[in-house]
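This briefing covers charged side-chain pairs. Start with the structure below.

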Amino acid sequence: MKALLLSTLLVFSLNTKAEDKKIYTQEEFDKALDAAIEKKMKRIGRGKLVEFSQELLKKEQNLEQREKALKNQQNQIAVNQKELEGRIQEFKKYQTNFLSCLDKKDSDESKRVIHMVDVVSNMRPQTAADLLSQQDPSISIKILGELDPVKVSKIFNMMDKEISARLQKQYMTMKK
């Protein structure tokens, strides 16, 4: 449709004198085009065509505005996406750091348990039984799990029967 209007304007401009030619801004061009089309159409005597062409031009302008708004939204989405990716990377770094701290804590605890296993394995069964009876049951179970089975049976025999039964039950189910 725009091509038809431009060709009409060209025909109109060819009919004018060379001295009437002028350089227009886009807004002035649109207004001049509207005026020229309206003048041409009125000369032809088709008022409805004038209204129709004006509606088409308005719709075209609305479409151009919507395209600009859509481009702005796409640009904003791209900016937000980059920001989100940055936050995700930051979160991953934090998560990795946190997990490494947990791993370090677990390895330190494992080292302490291994050390206690060495200490308890060098004790006499009665002394080890007294020590493990006083400890937190979860720690005692971890230590007993690492000891030699013969040493564990001697330690269980030297413990109080209630404590021995409770620790044996937890040892068998490996519950804390």
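D108 is partly exposed, because its relative accessibility is 26% and the partly exposed class lies between under 20% (buried) and over 50% (exposed). The model is predicted. A search of the whole structure finds 4 salt bridges.

**D108 and K104, helix α3**
- D108 forms a salt bridge with K104. The closest N and O atoms are 3.3 Å apart.
- The two residues sit 4 residues apart in helix α3, so about one helical turn separates D108 from K104.
- K104 has a relative accessible area of 51%, so K104 is exposed.

**E83 and R87, helix α3**
- The side chains of E83 and R87 meet in a salt bridge, at 3.1 Å from N to O.
- Helix α3 covers residues 47–121. E83 and R87 are 4 residues apart in this helix, so about one helical turn lies between them.
- E83 counts as partly exposed because its relative accessibility is 41%.
- R87 counts as exposed because its relative accessibility is 55%.

**E27 and K31, helix α2**
- E27 forms a salt bridge with K31. Their closest N and O atoms are 3.7 Å apart.
- Both residues lie in helix α2, which covers residues 26–44. E27 and K31 are 4 residues apart, about one turn of the helix.
- E27 is exposed, and K31 is exposed too.

How values were computed:
Residues are numbered from 1 along each chain as its sequence is written. This is a predicted model: local features need pLDDT of at least 70, side-chain atom pairs count only at pLDDT 80 or more; totals for chains, interfaces and linings use all residues. Side-chain values use heavy atoms; hydrogens and water are left out. Buried means under 20% relative accessible area, exposed over 50%, partly exposed in between (1.4 Å probe, protein chains only).
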